[in-house]
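Me: Hi! I have a structure open here and would like to talk it through with you. Shall we start with the strands?

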Amino acid sequence: MPTKYSVLCEKHFTIDDYINKGEQVIQKQSKKYLKRNAVPSIFDYPPHLVKTTTSRPLPKKREASPPPPPEDQIPAKKKRKSSVNSDHGSYIKSPTTVMKKLKKTLKKKNNKIKSLSAKNLRKEKTIKGLVKKLEEIKALSEEQSQHLMSNFGHMTKDIFTNEQKNEGNSTGSRYSEQIKQFAISLHFYSAKAYKFVRKSLHLPHPSTIRSWASSIECEPGFLSNVIEHLQNTLEDDNKDCIILVDEMSIKKEVLWDAKKQKFAGNTDYRPILAEDQDTIAHNALVVMAVGLQKPWSYPIAYFLVNHMDSKMQAQIIKESINLLTDAGLDVHAVTFDGCSKNLATARRLGCKIDSFDGSFQHPTRPGKTLYVILDICHMLKLARNALGDKEIFYTSGGETISWYYIKELFNVQQSDILHLGNKLKNVHIKWHNQKMKVAVAAQTLSSSVAAGMIYLRNLNVKQFEKCEQTAEFIQNINDIFDILNTKSKFGKRFKSPLTLENYAELRAHRLDIISYLKKLKDVDGTKLVDGPRKTFILGFAVSANSILAIAKNLLSREHNNFKYVLTYRFSQDQIEMFFSKIRGRFGWNNNPNALQFKWALRALLQKNQIAASEKANCAVIEEEKMDEEMHHVDHNIIMSLTCSTIWRDDVLAYIAGYIVKKITVCIKCPECAIALVAIDKSQAEVLVPDDHSYSSNSKPESQSLITIKSYGKLITPSPSVVKVVKATDRNLRQLVGDWTSVTKTAISSLKSNVLQDVKASCFQNLQQHSRESHLLDEQFRDNHITIIIKKIVDLYINIFVHRFGKVYSDRVVREGNSSRRPKLNKLILFGND
C-alpha cells in the first residue's frame with residue numbers, strides 16, 4: 001500500500017497531468033504539482049517484459065449463394081428402409097448400443113463416487129492426523145484415542161469453523177458446544193496432550209476449563225445441583241429409576257486443600273453426621289441414579305468412608321430415596337453386590353432377605369413398595385467360585401455336579417487347534433487370577449460349554465459318561481443369567497426383554513431354576529442355601545423375584561406403561577463404568593486420593609464425551625514378555641496340527657455353517673445362495689436346520705454339534721461347502737507347521753491348490769448356471785463357482801489363523817501360565833495394598 005511518503009518518477013506522467021501547462025510554466029517553476037485525478041500513463045518496459053498481443057483477423061465476407069434450381073430438376077431422394085414396424089413413432093436403438101452407453105454412464109458415476117469418497121477421506125484426515133500425532137508423542141493411550149475418534153471423528157467442519165471464527169482473536173474467543181465438549185474431554189484424558197493440541201488449534205485455555213468446573217459444587221455428601229438438574233430436565237415419562245450403591249478404593253492420604261483452606265482425606269459423612277471424623281478414608285461410597293426407560297445415569301452423592309457399617313449405609317440409601325422422590329423421580333429399587341454388609345443393609349431396610357423376599361416399604365410414602373436387587377454379574381462370579389472351590393455339588397437325587405468335566409473338556413480340546421464352539425482357555429481353568437472378570441465366569445458357565453459336554457458324551461468319550469448333571473447345572477446358570485441380563489429388545493429366547501406376552505413363560509422357567517438351585521447340596525450333604533456358599537443362590541432368587549415384580553408393575557400400569565423391560569438396566573454396570581472413568585482421569589494412577597477423586601468427579605459432571613474403558617472394573621493389562629523370537633513350533637502345537645480328532649468333521653461343518661451365514665449376507669445371486677445351504681430336494685424352499693444333513697456319512701441328528709447348539713437358528717451347510725472347508729483345513733495345517741513361512745505368496749498358492757482340488761467335484765448343480773450367467777459382463781473374470789470357493793477359502797483362513805495365533809501364544813509364548821498382573825492390580829484397587 002502506498003503511503004504519503006511514497007514517490008513516483010515524473011516520466012510516467014504527461015504534461016497535461018500537471019496543474020500549470022506549457023513550457024513557460026515548466027521554465028519558471030522549479031516544482032511541479034500534479035492534478036488530483038492524475039494517473040501515471042507512460043511506461044517504458046524492457047523488451048522482455050512487454051506483452052505482445054495479436055489482433056484477431058476480421059471475418060471473411062461470404063459470397064452470395066446461387067439461386068436454387070427449378071423443382072423439376074431436383075433429383076428425388078431415396079427413401080430409407082426402416083427396420084421398425086410402422087406402428088412405432090420413433091427409432092429404437094439396439095440393445096448393444098444401449099448397454100455400451102449404460103456402461104459408460106456407470107463408469108462415470110463410479111468415478112464420481114470414488115472422487116467424492118476420496119474427498120471425504122481427505123476431510124477426515126485432520127482429526128485422524130491429530131490423534132495419531134498425540135499417540136506418537138505418547139500423550140494419549142490407544143484406548144483414549146479410540147474414544148476421541150468415536151466421539152469427535154466427525155468434527156472436522158466444526159474445527160475449521162472454529163479456526164475461522166477465532167483467527168486473530170487474542171482475547172474474547174467464542175466456542176461452540178461441540179468444541180467445548182472436545183476440549184473438556186481431551187483435557188480430562190491428558191493435560192499434556194491438550195497443551196500440545198493448543199499449539200495448532202484455537203481451544204480454551206486450561207484455566208478456562210478449570211473455571212467452568214469450579215462453578216460445580218462437588219464436596220462430599222449429596223450433590224444438590226445434580227438432583228436439581230434431574231428435576232428440571234427429565235420428562236415425565238423418563239423419571240422411573242433405580243439407585244446403585246458401591247464403593248471405590250482411594251488412596252489413604254491426608255492433603256491440604258488450598259481452596260477450602262482445610263485438610264482433605266478424612267472420613268466425611270455429612271450431612272448424615274455433622275461432626276468431623278479423624279479416621280483417614282480409604283473408600284469412596286457412591287450413590288448413583290439410573291434411568292429405566294432411557295439410558296441416563298448420574299451420581300447423586302458420594303461419601304469418604306472407612307469400614308462403613310450397615311446402619312449408616314441404610315440411612316444414606318433412605319435419604320437418597322427421599323431426595324429423588326421430592327425431585328419428582330419414581331425410585332423402584334436399590335442395587336448393590338452380595339457382600340455381607342450389603343445383605344445386612346437390606347435387612348435394615350426391611351427386606352426378609354433370608355426368605356428370598358427383597359421388598360421393603362418406601363421411607364416416606366406408605367403403601368409404595370421398593371425392592372433390593374443383588375447384582376447379577378456378581379452372583380454369576382460367586383456361582384463359578386463356589387463350583388471351582390468346592391469342585392463337587394450333589395443334586396437332590398444324589399447325582400454329581402463336578403468341576404472335573406469343565407477341566408476335561410478343556411484338556412480334550414487341547415489336542416486340536418479347533419474347539420467345540422466354546423471359549424474355554426487356560427484362564428478359565430486357572431480363574432483365581434481373574435476372579436473379578438465377569439466375562440471369564442460367563443464363558444465358563446455358558447450353554448456352549450454344556451453343549452460341548454453333551455456332544456462328547458454322545459460320541460461315547462469315556463471322560464464324559466456321567467456329565468449330564470454338570471451340563472444341566474451350567475445350562476440353568478446360563479439361562480437365569482440371560483433372563484436377568486437382557487440388553488437388546490431384539491433378543492431371542494431367554495435373552496428377549498420382558499413383555500406381557502412372555503412374562504408368564506419366563507417367570508415359570510425362573511421358578512424351576514430357583515427350585516433346582518435350592519435343592520443342591522455340598523460334599524457334607526448340607527444344602528448350599530443353608531451353608532456359607534449360599535450367596536449366589538440367594539442373590540439369583542431375590543433378584544429374580546424383585547426384577548419380575550418391578551417389570552410386571554411397569555408393563556401393566558395405566559399411565560406411562562413400558563412396552564418392554566430390559567433387565568440389564570438393573571445391574572451395576574453403570575456405576576462400574578463410572579469408576580472406570582474416574583480411574584481413566586489419571587492414566588496409570590488408578591488409585592486416586594480424595595482430592596483427585598473430587599476433581600475427576602467435577603470434570604465428569606461437565607458436558608463431555610468421556611467414555612469408560614471397554615473392560616471397566618475388570619480391566620486387564622496384558623503382560624508382555626520380551627522373549628527371543630522363536631523360529632520353530634512347539635512339539636505340542638505340531639501334535640495338535642497333525643492329529644485327527646473324532647470331532648473335527650463336526651467342528652468343520654459347524655464353522656462351514658458360520659461361513660455360509662457370512663456369505664449369504666452379501667451374495668446377490670439367488671441360485672448360488674440356495675446352493676450353499678443343505679436342502680431337502682423334495683422341499684427346495686424349506687431351510688429348516690433340523691431337516692438338513694451336512695455330509696453323506698453324517699452322524700444321527702441328535703449327535704451332531706450343529707443340532708446340539710442350534711436351538712433352531714444355526715445354518716446347516718451343503719456338502720460342497722463342507723468339502724471346500726475340509727480341503728482348506730487340510731492344506732492350511734500343513735502350511736502353518738512352520739508359521740514363519742506363512743506369507744502372502746504362500747496363502748495365494750494355498751488358494752490355488754484348494755481351487756484345483758475341489759472345483760471339479762463341488763457345486764455340480766451350479767455348473768450350467770455358472771456358464772450361462774453374466775456372459776455380457778466383462779468385469780467377471782471368474783465364474784460363480786470359482787468366486788464362491790475363493791470366498792469360502794478366504795473366510796476359513798481368517799478363522800483358522802486367528803485361532804492358531806491365540807493357541808500358539810497361550811501354549812508356547814506364555815507356556816500355559818496365566819498372568820499375575822490382573823490379580824496384583826486388583827489387590828491395589830480393592831485391597832489398597
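Reply: Happy to! β5 and β6 pair in the antiparallel sense over eight bridges; strands here are DSSP runs of E, at least two residues, helices are runs of H or I, at least four residues, both numbered from the N terminus, and two strands pair if DSSP finds at least two bridges between them. This is a predicted model, where local features need pLDDT of at least 70 and side-chain atom pairs count only at pLDDT 80 or more, while totals for chains, interfaces and linings use all residues. Residues are numbered from 1 along each chain as its sequence is written, and side-chain values use heavy atoms, with hydrogens and water left out.

Me: Thanks. What joins β5 to β6?

Reply: A hairpin, through five residues. Within the pairing, A284 has L304 in β6 as its bridge partner.

Me: And how many residues of β6 are buried?

Reply: Seven of its nine, so to speak mostly covered. Buried means under 20% relative accessible area, exposed over 50%, and partly exposed in between, with a 1.4 Å probe and protein chains only.

Me: Now H332. Buried or exposed?

Reply: H332 is buried, with a relative accessible area of 4%. H332 lies in β7 (residues 330-336). Leaving aside residues up to four places away in sequence, its contacts (heavy atoms within 4.5 Å) include D240, Y371 and R557.

Me: Switching to helices: at what angle do α12 and α15 cross?

Reply: Roughly 75°, with the axes of α12 (residues 404-413) and α15 (residues 447-458) coming within 10 Å. The axes are lines fitted to C-alpha atoms over the stretch in contact, and angles run from 0 to 180 degrees between N-to-C directions. The two helices are therefore roughly perpendicular, a label for 65 to 115 degrees; under 35 is roughly parallel, over 145 roughly antiparallel and the rest oblique.

Me: Which residues meet there?

Reply: Y405, I406, L409 and V412 in α12 meet V449, G452, M453 and L456 in α15.
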